[in-house]
Amino acid sequence: MEQSRKFKISILILTAVITLLPAFNRLYRIFPETELKGLAGPLHPPALNLKNIKNEYFQKNLAEYLMKKNTSWPWMLKTSNQLFYTFFNQVSAGFNGSILTTEDGSFFQPIYLRSFNRSKKLKEKDLKGISPNIKKLEGLLEKRGIKLVTLISPNMINVYPENLPSKYTNPTRLNHKNSYDFIKPELLKNNVNLVDMHEVITNTNKITGFYGEGPSFLPTASHWNQVTSCIALDRILDLSIRNKFNINKLPCNKFEMVLPPPQAELDLLEIANLLYPEYTYKPAPNISIPENFIPANTPKPKILLVGTSFFFAIHKHLEDFKISDSTKLFFYYREVKEKNLDVHRTLNKKNINWEEDILKNDLIILEANQGSIGKLGYGFVKDALNYLKKNPVKK
């Protein structure tokens, strides 16, 4: 009986400590501050007025404000995420978080699941003009001495579908087509200058990126590793400007494995907000940059990239190998990024100087991920065709 009483008192004390800890922490700062990535809490408490009290907006948002402004909350969230990851191989209690995990504990983003499972009805009519328009743009740019290459970037769950837990997989998915299944044959039929990195990886035993030493995606990263992106750029150069500018083959196989991995390989891990993120680190390939890979005083191409964050690694290769001194990224055709991607601004499409900003380039690369290939060009192809039709090459 005495033992039972002591146990109940212990439970009450523990419950009181857990309940009162946030309040004590707010007063005495027991926990040091720790940052959460990818989560933004409320900056200000909700306005106190009769309307907000009546509709319970004030009560709900005040509770959220007090919770998320307390320095104990990030620690509790990280602890919770760590426990779920360690014991249940998932980042949170639900299946609908911003980060999910595969069977081997790799992170991935749920945005790719719809395309993977072919759960969206395919609208072939909307996709039919994409390939012919890209080919038409290729021809018009060729007349101006500009090469156009289309790049399909892969995503991890499509490259390694066997790692995806059954709870995320529609067993009938292969009975349907997604946009990649439709557009890829159309691009080939129209003889588009194409680099399909999903096909490159899957047709080479899925280890092209490491030349036999590992996968093309690190378990902590949302994008391809350095070696795989290097291979993508090398193939693009083969199709476009390598001979014109005497660019050597890129030494994609000259790399060392480093630990901890570069920051770019940790983006999904960061927003997983684990208590011990370093336990998930895996060695990453780091390409060795040869000295004087491009000899001094060699003419360098101007290159325009139009696409997604899969271009970040390619942009870095172009700078690291000193292939181009003038490379711009039209990020989703909404922003302009250049100079190590640190300089960025909103792209005002109405004020684009097509002759200077677009038609002075030697190479333009369009990119979309295979999970969103229906958005190839993000409107750039249509705008470019409109301009070139109105301003044909003067004979």
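This is a chat about a predicted model of one protein chain.

User: What should I know before I start reading it?
Analyst: Residues are numbered from 1 along each chain as its sequence is written. The model is predicted, so to speak of local features a pLDDT of at least 70 is needed, side-chain atom pairs count only at pLDDT 80 or more, and totals for chains, interfaces and linings use all residues, while side-chain values use heavy atoms, with hydrogens and water left out.

User: ok, and what is the mean pLDDT of the chain?
Analyst: The mean is 86, and 84% of the residues reach 70 or more, where pLDDT is the predictor's confidence in each residue, from 0 to 100.

User: Where is confidence lowest?
Analyst: Confidence is lowest in helix 3 (residues 57-68), at a mean of 64, and highest in strand 3 (residues 147-153), at 98; helices (H or I, at least four residues) and strands (E, at least two) are DSSP runs, numbered from the N terminus. Where pLDDT is low, the predicted coordinates should not be read in detail.

User: Switching topic: Phe88, where is it, and is it buried or exposed?
Analyst: Phe88 lies in helix 4 (residues 72-88), and it counts as exposed because its relative accessibility is 54%. Buried means under 20% relative accessible area, exposed over 50%, and partly exposed in between, using a 1.4 Å probe and protein chains only.

User: What about phi of Asn246?
Analyst: Phi of Asn246 is near 50°, which is a positive value in a residue other than glycine. Asn246 lies in the loop between helix 11 (226-239) and strand 5, and it is exposed, because its relative accessible area is 63%.

User: And Tyr332, what is its phi, and where is its place?
Analyst: Tyr332 also is not a glycine, yet has a positive phi of about 55°. Its place is in the loop between strand 8 (326-331) and strand 9 (335-338), and at 26% relative accessibility Tyr332 counts as partly exposed.
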